[in-house]
Amino acid sequence: MKNSRIIRTLAQKLLPFIFLFGFYLTFHGHLSPGGGFQGGVVIATAIILLTLSYGIKETENRFKEKHLSVLEKLAILAFIFLGLLGIFFGYPFLKNFLPLGQRGCIASAGLMIPLNLVISIKVAAGMTGIFYALVKYRGEI
Amino acid sequence: MLNHLPILIIIFPLSIAFIILLFKKYIIALSTFSILFSLASLLKFAPSVYKGQIISYHLGGWPAPLGISLLIDSLSFFFALTVLLIGMMVIIYSIPDKKYNHNYYFLLLILLSSMVGTIFTADIFNMYILYDLVAIATYLLIAYYQHGVALKASFNYLLMSAVGLSLFLLGVGSLYAMSGTLHIASISEQLPEIFAHNPQIIIMSLVLVITSMGIKMAMVPLHGWLPDAHSLAPSPVSAILSGVVVKVGLYCLIRLIFGLFSTEKILVNIASHYILMVFGAITLLFGAMMALTQTDLKRMLAYSTINQIGLILIGLGFNIYSGFEGALFHVLNHALLKSALFFCAGIIIIKTGSKKIKELAGFGKKNPVVAFCFVILSLGIIGIPPMNGFVSKFLICLAAIEAGYSILALVIIFASLITAAYYFRVIQIFYSEPIQPNSNLPNIDVAENSLFWDKYFRLWPIYILTGFSLMLGILPSLGLSLIRPAVKILLLNIIK
Amino acid sequence: MKKYYYIVLLIIMTILIIGSISPEYGNPRNMDYINYYLEHGVQDTGAINLVASIYLDYRAYDTLIETVVLFMAVIGVTFILSKGK
Amino acid sequence: MTPINISLLLFMIGLYGVISKNNLIKKIIGLAIINASVVLFFIAIGYRESGLAPIMSRSEAVDSANKIFVNPIPQALMLTAIVVSISLTAVALALVVKIYSKYKTLDVQKLYEE
């Protein structure tokens, strides 16, 4: 697939906004519809757009597969650690022990924001991992 | 820290599995340590569970009907103990094989921790999600060797069990539609008045649960995936598949039928027990018949699993004390015997280089110890007196006569004769002279040189499991004392 | 020939399942648990979006298991597709 | 035809696709239809006449007592079920890609006749 110049420049310009939208969905997960999963998938589509426009080798050296898979495992261990954190304070597993903050603003839902962040990192790294595996197996793009 | 043990039993092997993937070092040490930790913390509950206490752990600090809660009573304690015991044996068995790298141990640890999670949860949607994790781990373990045949078997199993799990989700949805909660205890409280208002939705969700768990347990019309999946997987994987993964489906069925559907609504009770008995009998006979015609050793063992699952279903279907006791005792016996048999099959296939029963001639002479263990274990499966298989089969036949279905007792004895037929056929070939030096077929499992300390790590699980089965056979009161509190849980709802 | 058997079988299953699972359309019969979530959801978890509060706080264990399921899919795909063409 | 009946009908159509189609990819599509129908089934259970999305008002002042809200629990459960169905489809497609590279055919008849 010859990467035409239009797609490349467009992708280059659009990329930061897609990332921004992904982070918006993640951090407003508890305020508006959205959350960790949707934010992660949007960030993954940004990386996939990069692959479509610039080809696998370009994105490979920016988002190395090894780093992504390590990030994924760290994200899940962080999720479990957040749960275990509750146990250190004497609450049951996965208890929302952080202060609940003021209703309506971002820092308002205690443990849910870090959980959302961890999930979106995991989903973004996971979806790109699957995309890399499928692309590399076919080896076309 | 002590009162957080129920969740740590599940979470600790899960996190060790991810740490193994990250660091890829000390794989075997870490995995054995995590399973031993879970086993030890599970045994810590033994005294209180034996006294009949029910330990519940509310996740996230929310009371029962709101959040998810874990429930350890004697029934889940018994099943979790079998899971972790056989899991420990499988890990020891797969140590010497270098082909099993960090991915294998990761999948095995995830499989074990999600099975224990499925057993402990008291929330039907959580049971669905954890059962899905068990299923995905089994697909990947079956397809571990990437041979074309294993991929086909894994894909076939994936399709059937994905449909089964969607049926289960429909059942969960209809139960939620009627009761508003997902907690097993609070649903079963509301069941009588729902049943009065709208009986067919309760019966349909019962049917959905039985079909979906039937697929997972390989009840006869839904068993198509089991022979391929269990025979083409690597030997330790097929050991844990046949020994334990099938039992988790059985556990979910028992937990839902006797925990949720079996309120004093007699109609729902009797209908479900007839279904269990009829399908159990068909599974028993079908499994025995098909096992006779098999030429591949592992496929024969897989069909023998279907055969024994049918026996357990019959035992459950009688709805009386000795029926449950025999069935649950047979769950333990079958787990011990069948996984040891698959361990022996693994060694046999490596040593003789072929899976076909005909080419196993003269194996008895080459290494008499494994062949001798194979003989003892098959005696156990058939149900010959000194072995534990006899005790549980005898209890189930006793229950059959007690419950008035003496025909089923004859059916069980007839099926045991067929089981004896196809096991003795294999044993007879072991000790017969090899007709022609068996050609060195390209064995699928593993090359000879990739085994180190073969003597210790491959043979010890077989000895331990055979020893356990013999011990349970000679003094069955050991096993029965473990099972009696569990049976009280089952009968609690029915007598009430 | 086989296809007719499947069609007949599925029609019977459809009639059975639609005939039985058709509760009076709308919410579960007893609403007290749902009303609890709607009324106390914000105070307990501090989140405005109640769906997020349920799957991140009341049933966070589900979400943990489910991220592991997604991770298993990633491991599965990379593991199956990585061993050579 | 209430959405619940439509979702059950969709379930049977997906089941037909899984059972009777010979091509492996079509079986996976049937599986995806089944998962979609189960999601529709759950959301239809949580539906309420003229119910609003279960998102409360940002500030305490606007009292949300008089508003009718749709049941949030099935939506939260379906987030999990959708991700589960994605991972099932991903693993199934990876298996099919590998089966095709080994057997060069996707037809079930050729693959499974021994």
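## Helix α4 of chain A

Helix α4 of chain A covers residues 65–88. Its 24 residues reach 34 Å from the first C-alpha to the last, close to the 34 Å expected at 1.5 Å a residue. The model is predicted. Just after α4(A), Gly90(A) takes a positive phi of about 90°.

Which residues of α4(A) are buried? They are Ser69(A), Glu72(A), Lys73(A), Ala75(A), Ile76(A), Phe79(A), Ile80(A), Gly83(A) and Gly86(A). The cover over these buried residues includes elements from three chains: α5 (112–138) of chain A, α1 (5–23) of chain B and α4 (60–82) of chain C.

## Where chain A meets chain C

Chain A puts 31 residues in contact with 22 residues of chain C. On the chain A side, α4 and α5 each supply at least two of the touching residues. Helix α5(A) gives the most, with twelve residues. By class, this side of chain A has 15 nonpolar, 13 polar and three charged residues.

## Where chain D meets chain C

Chain C also touches chain D. Here 35 residues of chain D are in contact with 35 residues of chain C. Two helices of chain D, α1 (3–20) and α3 (72–103), each supply at least two residues of the side that touches chain C.

Which helix gives the most to this side of chain D? It is α3(D), with 16 residues. The side of chain D that touches chain C divides into 23 nonpolar, nine polar and three charged residues.

## Chain B as a whole

Chain B holds 20 helices and two strands. Its C-alpha trace spans about 70 × 55 × 40 Å along the principal axes. The radius of gyration is 22 Å, which agrees with the value near 23 Å that a compact globule of 496 residues would have.

Buried residues make up 63% of the 496 residues in chain B. Contacts reach across the sequence. Among those between residues at least 6 apart, 78% join residues at least 24 apart.

## Ile257 in chain B

Ile257(B) lies in helix α11 of chain B, residues 235–261. Why does Ile257(B) count as buried? It has 23 C-beta neighbours inside 10 Å, and the cut-off for a buried residue is 20 or more.

Leaving out residues up to four places away in sequence, Ile257(B) touches Ser262(B) and Ser272(B). Ile210(B) is 47 residues away from Ile257(B) along the chain. The C-alpha atoms of this pair are separated by 8.6 Å.

## Confidence

Chain A has a mean pLDDT of 86, and 96% of its residues reach 70 or more. Within chain A, confidence is highest in helix α1 (residues 5–27), at a mean of 91. It is lowest in helix α3 (residues 56–62), at 81.

Chain B has a mean pLDDT of 86, with 93% of its residues at 70 or more. Where in chain B is the pLDDT below 50? That stretch is residues 441–449. Beyond near neighbours in sequence, the stretch has 15 contacts in the model.

Terms used. Residues are numbered from 1 along each chain as its sequence is written. Chains are lettered from A and ligands numbered from 1 in the order in which they are written. This is a predicted model: local features need pLDDT of at least 70, side-chain atom pairs count only at pLDDT 80 or more; totals for chains, interfaces and linings use all residues. Two residues are in contact if their C-beta atoms, placed from the backbone, lie within 7 Å. Helices (H or I, at least four residues) and strands (E, at least two) are DSSP runs, numbered from the N terminus. Ala, Val, Leu, Ile, Met, Phe, Trp, Tyr, Cys and Pro count as nonpolar, Asp, Glu, Lys and Arg as charged, and the others, Gly among them, as polar. The expected span of a helix is 1.5 Å times one less than its number of residues. A residue is buried if 20 or more other C-beta atoms lie within 10 Å of its own, exposed if 12 or fewer, and partly exposed in between; C-beta atoms are placed from the backbone. pLDDT is the predictor's confidence in each residue, from 0 to 100. The radius of gyration is taken over C-alpha atoms; the globule rule is 2.2 Å times the number of residues to the power 0.38.
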